[in-house]
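Subject: Structure handover

Hi,

Here is the structure I promised you. Please open it alongside this note. My findings follow below.

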Amino acid sequence: MRQTGKLDYLEMPASGGSIDSVKAFYARAFSWSFTDYGAGYSAFNEGIDGGFDGAPEAIQKPLPVLYSDDLEATLATIEEAGGKIVRPIFSFPGGRRFHFTDPAGNELAVWSET
């Protein structure tokens with residue numbers, strides 16, 4: 001069951017290699033399986049849901065993704081707490097999300113199904 005503020009997804013870059021080589025590595029090393037969403041994105045469910053993003057503009061570090069029942073309220077709370085919104089709310093297949101940095105400069109995302 002998804003809960004607001006809990007880690008829900010881990011997105012990792014694959015732009016340093018090809019999606020196919022990253023998938024082959026994890027499949028061979030850990031027997032992971034994948035679901036492809038186009039040529040540049042492949043999802044996994046291996047203890048936590050996640051995916052590899054092969055787009056050239058993808059972030060270059062792992063991206064922890066939190067869940068929210070109310071995206072706008074969570075965005076406001078993050079700003080009030082001192083977080084900086086680095087990518088405003090946008091839609092993607094499956095929902096909407098935004099990115100923020102914490103006071104240490106770590107980038108995270110928050111997503112919602114609505």
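Start with alanine 43, which stands opposite glycine 51 in β4. The model is predicted: local features need pLDDT of at least 70, side-chain atom pairs count only at pLDDT 80 or more, and totals for chains, interfaces and linings use all residues. Residues are numbered from 1 along each chain as its sequence is written, and side-chain values use heavy atoms, with hydrogens and water left out.

**Strands**

Strands are DSSP runs of E, at least two residues long; helices are runs of H or I, at least four long; both are numbered from the N terminus. Two strands pair if DSSP finds at least two bridges between them.

β3 and β4 run antiparallel, joined by five bridges. Three residues separate them in their hairpin, where glycine 47 takes a positive phi near 100°. β2 (residues 35–36) is antiparallel to β3 as well, with two bridges. That hairpin has four residues between the strands, and glycine 38 has a positive phi near 80°.

β4 also pairs with β1, in parallel, through four bridges. Which residue of β4 is the bridge partner of methionine 12? It is phenylalanine 52. Phenylalanine 52 is the bridge partner of serine 42 too.

Buried means under 20% relative accessible area, exposed over 50%, and partly exposed in between (1.4 Å probe, protein chains only). Four of the five residues of β3 are buried. β4 also has four of five buried, so the rest of the structure largely encloses it.

**Helix**

α1 (residues 19–30) has 12 residues. Its first and last C-alpha lie 16 Å apart, close to the expected 16 Å; that expected span is 1.5 Å times one less than the number of residues. Ile19, Val22, Lys23 and Tyr26 are its buried residues. Asp20 and Arg28 are exposed on the face turned away from the buried side.

**Pocket**

The largest pocket holds about 700 Å³ of space. A pocket here is an open set of points on a 1 Å grid over the protein atoms alone, where a 1.4 Å probe fits, with protein on both sides within 12 Å along at least five of seven lines; lining residues have an atom within 4 Å of a point. The volume is the space filled by probe spheres set on the points.

There are 25 lining residues, and Glu11, Tyr41, Phe92, Pro93 and Arg97 lie nearest the centre. Elements giving two or more residues to the lining include β1 (7–13), β3 (41–45) and β4 (49–53).

Best wishes
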